[in-house]
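Here is a short report for a first look at this protein. Start with the structure below, then read on.

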Amino acid sequence: IRFDYSDKEDMFDSHSYAKGGRILHMLRHYLGDDAFFNGLKLYLNQNAFQTVEIHQLRIAMEEVCGQDLNWFFNQWFLASGHPLLAVDYVVENNKLIVKLEQIQDHQTTPVYRLPMAIDVYQDGQAVRHLIDMQDKVQSFEFDFNGTLTNVVVDAEHMLLAEIFDEKPKQWWLNQLDAPLYMDQKIALQNMDSLLMGQAIAKALTNDYWGVRSMAISSAIKNKIADKETIQLISKIAESDNKTKVRAKAIDYLAQLANNQDYLALFEQNTKHMSYAISGASLSALSLIDPAKSLEIADSLLSTAKNAQEKSIKTVYANHGGADKMDYFVNLLETESNYALFSTTGLYVDFLKNQELSTTIKGMDALEKLSVEATSWMVWVSERLLQEMKVYFEAELKNQNDKEVKNQIKAQVERINGLLSL
């Protein structure tokens, strides 16, 4: 929480919303649902139609739960930063030592009190231990029986912290059998490159669609293209019961070197009733047959929504001709918020892909957008103008025709004038 806002609008940032929400979620987990929601009810009833500060919330929660919560509110709401937690392990006979160290800058960030759960997996079965870390460095010792197959620190993934976990490579692979989505997400993020293919293949068969989708994203990011992965993802693209996962699988197939092998699949699925699948298929098709993708985009335009509409915009931006100018100009005049943000970038891509005369003509709409911009669109329009300036300056270096060079110079001067407003 800060008290030095220069403008009231600055209060509505990611600290107020995203971080604030995560902290409240931690408080809910620590207190339990009954105490948390009863505390919120008391807070709202006691302070209805009044201005409040964070202390009123703390006092209401304390009254309900009967605990001193100064430590929680001071470190999470009133202090800056967040904990950076380094984790290391020592295994001796049937004893496990988990060493935790808070490595954040302690000149600007406090040493946090961190209640958490640690799951110790013995022969694949989890045994939960509850700990309360209160010092900069602490070690916790646990007995175990059988084979130690994994350890998950902050087992419920509640802490608003960066955790640097030095567990063995095999433990990360074993973590794909853990019960929570976050278990598997963190495991894939930390997977050793030598085990990545095996991990992705395992995650692709997970019952939860979110894990399958995440596995495909990991395959794309890590350029995993072995025979087993391709076969599994091809099957998902054809028949997965979750449309978003099928769309992600089509994205994967589209970036393969042999993507033309899936041309029939892409073209067929542009007509799919799912906007996600149709949009992904249209984008994939455009990489192989731009002319066909333009033809299909035109046929879908009147009823397009969501991912399908976004793909049409992208196809027009990358492959459309001057006849698509009116389409983009109309969107610039009618869209708002995130849709407008996305469209403005695609419009600049469209302009850079046109003949110079069309590009210059299209600058009128960009100038109008810049002059009329308010709030965050001021920053967006400045960024787009800078991008067009770089484009025109590059074109200037490649031109020998004096008249054309003068036209380009005029556009650079035009942009400089807009940027100086």
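Predicted model: local features only at pLDDT ≥ 70, side-chain atom pairs only at ≥ 80, totals over all residues.

Leu180 lies in a loop. That loop runs between helix 5 (169-174) and helix 6 (181-190).

Leu180 also belongs to a nonpolar surface patch. Tyr181, Met182 and Tyr208 make the patch together with Leu180. The patch spans about 330 Å².

## Thr359, a buried residue

Thr359 sits in helix 17, which covers residues 356-372. The relative accessible area of Thr359 is 0%, so Thr359 is buried.

Which residues does Thr359 touch, not counting those up to four places away in sequence? They are Leu351, Gln354, Met388, Tyr391 and Phe392.

## The whole protein

The protein has 19 helices and seven strands. Its radius of gyration is 28 Å, while the globule rule gives 22 Å for 421 residues, so the protein is more spread out than a compact globule. Along the principal axes, the C-alpha atoms fill a box of roughly 80 × 60 × 40 Å.

## Burial, contacts and surface

Of the 421 residues, 43% are buried. The accessible surface of the protein is about 22700 Å². Carbon and sulfur atoms account for 50% of that surface.

Take the contacts between residues at least 6 apart in sequence: 57% of them join residues at least 24 apart.

Conventions: Residues numbered from 1 in each chain as written. Heavy atoms only, no water. Patch = residues over 30% accessible without salt bridge, like charges linked within 9 Å, V, L, I, M, F, W, Y side chains within 5 Å. Areas by Shrake-Rupley, 256 points an atom, 1.4 Å probe, with all protein chains shown as cover. Salt bridge = Lys/Arg side-chain N within 4 Å of Asp/Glu carboxyl O. Helix = DSSP H or I, 4+ residues; strand = E, 2+ residues; numbered from the N terminus. Buried < 20%, exposed > 50% of the residue type's maximum accessible area, 1.4 Å probe, protein only. Contact = heavy atoms within 4.5 Å. Rg over C-alpha atoms; globule rule 2.2 N^0.38 Å.
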